[in-house]
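Welcome! Take a moment to look over the sequence and the 3D view, and then let us walk through them together.

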Amino acid sequence: MAAINRDDVAHLARLAHIEMSAEELDRMAGELAVIVDSVKSVSEAAGDDVPATSHPIPLSNVFREDVVGHTFTAEQALSGAPDSFEGRFKVPAILDED
Amino acid sequence: MTELNNSELIRLSAAQLAAKLAAREVTSVEVTQAYLDRIADVDGQVNAFLHVNAEEALAVAAEVDAIRAAGGAEAEALHELAGVPIAVKDLIVTIGQPTTAGSKILEGWHSPYDATVIKKLRAAKMPILGKTNLDEFAMGSSTEHSAYGPTRNPWDLDRIPGGSGGGSAAAVAAFEAPLALGTDTGGSIRQPGAVTGTVGMKPTYGAVSRYGAIAMASSLDQIGPVSRTVLDSALLQEVIGGHDPFDSTSLTDPFDTLVAAAKTGNVTGMKIGIIKELHGEGYQAGVENRFNESLELLKEAGAEIVEVSCPNFKYALGAYYLIMPSEVSSNLAKFDGVRYGLRVLPEDGPMTIERVMAATRAAGFGDEVKRRIILGTYALSAGYYDAYYGSAQKVRTLIQRDFDAAFAQADVLISPTAPTTAFKLGEKLDDPLAMYLNDVATIPANMAGIPGLSLPGGLADEDGLPVGIQLLAPAREDARLYRVGAVLESLLEEKWGGPLLAKAPVLGSSSTIAGGSN
């Protein structure tokens with residue numbers, strides 16, 4: 001497996017929508033390289049014949065009756081929002097101007 | 001009937017308090033006020049609470065007292081723990097109190113709904129004393145990653161109380177609450193229990209609803225009890241457990257024999273398995289000594305001690321640090337500066353939502369949360385997914401197979417809960433990998449979804465700090481842990497001449513040395 005470098009971290013930070021300073025990128029790249037190195041052995045642990053487990057206690061087809069249950073009012077749903085307008089979440093421009 | 005002073009009152013177990021309340025020897029208002037006074041007295045030293053909920057707690061206490069005083073059917077119908085106060089980890093959402101998850105990004109946020117476990121506490125009429133400190137979004141093993149300052153270990157205020165649920169464990173250890181709720185993703189209930197000399201239980205995955213616990217890693221997270229005795233945890237799990245249609249991973253099995261199991265009183269003929277890989281090298285000598293002592297006591301009590309091997313546990317920590325951050329990166333995407341809490345505007349340039357989101361998350365998340373989001377984003381990226389996330393999920397299968405084989409040989413498994421006693425504040429803060437190693441013995445249970453209980457095993461010889469003993473059982477067999485745990489607890493307390501916490505240093509206005517320890 002490839003090591004993780006500063007450019008990777010910058011790219012990942014963009015994907016994860018976290019602004020990072022140059023200093024933060026340097027530090028994070030160093031720390032993550034150590035962590036990634038320590039988890040490398042995981043890829044060698046299991047062969048192709050081992051199935052993956054995504055959930056610890058197998059359950060299937062968990063359904064409920066198709067009836068309307070409790071719903072929040074718009075006011076409740078917006079109560080923790082940093083900004084709202086006429087019953088909606090208010091956000092800055094969704095598209096770049098250019 | 002002798003009058004108890006407040007100092008004696010707050011040292012009673014929840015079961016003892018419940019009995020005194022039922023017998024009307026004390027009122028819930030007296031008990032709740034005694035705890036609120038204790039919080040006012042010592043929490044400046046401990047910093048276990050992020051929010052104290054005095055008014056509501058006293059109102060619930062007064063309601064219980066009024067019902068008891070009136071007698072009749074309503075008094076008879078009161079839950080056994082009615083009027084017994086409790087603290088709640090601030091990862092669990094509550095109406096009427098802020099929920100921060102220990103993060104700046106949720107500062108001042110109030111949930112519009114109660115978690116299912118909170119609804120159950122309210123139905124049982126247990127006064128909620130407040131919300132306890134934690135590592136930000138439950139990510140850490142020391143509570144130092146809280147945006148609101150670290151919690152300190154009541155045994156030594158210069159040391160960590162464990163994490164992420166250090167606030168809940170320290171509150172219970174410092175007699176600021178008789179009970180607390182925690183959440184455990186890789187050991188966040190059990191490891192704080194171990195280093196503070198308290199009891200912590202991670203139930204079987206799905207035994208307690210996760211609805212309203214702010215998700216960290218959904219396939220690993222579990223809410224559970226924190227207490228000073230094994231019986232108290234059993235009592236609390238019976239309050240908060242049960243099927244919940246709001247959590248599709250919730251189990252329909254009944255978990256209603258836990259209290260009875262804690263009262264069984266014997267381990268005769270039970271097979272208890274030592275996990276070869278979870279002690280010895282890498283474990284502090286004092287931890288190992290207390291562990292061996294517990295094995296001797298169980299053997300004398302009639303249990304058969306066998307050794308089991310779980311060879312794939314060596315991959316557990318690595319697999320955990322791929323699966324958990326992957327789920328974190330997805331679960332924490334919702335903190336976007338639109339729906340809740342903080343919004344930070346970029347200093348210059350175009351004011352687009354993407355830039356506002358990036359500035360908000362940069363300012364609102366701490367270093368450990370950012371590390372895990374980046375690591376998870378990496379593990380899930382195209383080209384790496386199979387090698388990282390896919391492989392880690394296969395390791396999860398191998399760990400489950402190891403446990404299956406071990407439980408074919410033993411009813412219950414045993415290990416130290418953590419490799420060391422509480423370390424100094426700041427000691428591992430700059431070394432994430434060293435911090436992660438604290439959870440080496442607790443992570444396998446989360447990976448397999450099985451229950452795990454930590455109880456006090458005594459004090460390490462070299463530093464006089466608490467050591468935790470971990471018991472593990474197959475999925476759905478939580479009752480076995482309460483049975484064996486309660487027996488081991490009574491054998492150890494007989495040896496010590498009382499509860500371990502009686503040996504803890506005095507805190508608050510009654511202590512002679514400020515910040516006193518040792």
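How many helices and strands does chain A have? In this predicted model, chain A has four helices and two strands. Chain A is more spread out than a compact globule, because its radius of gyration is 22 Å, well over the 13 Å that the globule rule gives for 98 residues. Along the principal axes, the C-alpha atoms of chain A fill a box of roughly 50 × 45 × 25 Å. Of the 98 residues in this chain, 21% count as buried.

Now turn to the place where the two chains meet. Here, 48 residues of chain A are in contact with 59 residues of chain B. On the chain A side, α1 (6-15), α2 (22-39) and α3 (42-45) each supply at least two of the touching residues. The most comes from α2(A), which gives seven residues.

Finally, let us look at the nonpolar core. The largest nonpolar core holds 190 residues. Those that touch the most other members are B:Ile86, B:Ile92, B:Ala180, B:Ala319, B:Leu322, B:Ile374 and B:Val412. You can pick out B:Ile86 and explore its surroundings: leaving aside neighbours within four places in sequence, B:Ile86 is in contact with B:Leu121, B:Met126, B:Ile128, B:Leu129, B:Ala177, B:Leu179, B:Ala180 and B:Leu181. One of these contacts, B:Ala180, is also listed among the residues that touch the most other core members.

Note on methods. Residues are numbered from 1 along each chain as its sequence is written. Chains are lettered from A and ligands numbered from 1 in the order in which they are written. This is a predicted model: local features need pLDDT of at least 70, side-chain atom pairs count only at pLDDT 80 or more; totals for chains, interfaces and linings use all residues. Two residues are in contact if their C-beta atoms, placed from the backbone, lie within 7 Å. A nonpolar core is a set of buried Ala, Val, Leu, Ile, Met, Phe, Trp, Tyr and Cys residues joined through C-beta atoms within 7 Å. A residue is buried if 20 or more other C-beta atoms lie within 10 Å of its own, exposed if 12 or fewer, and partly exposed in between; C-beta atoms are placed from the backbone. The radius of gyration is taken over C-alpha atoms; the globule rule is 2.2 Å times the number of residues to the power 0.38.
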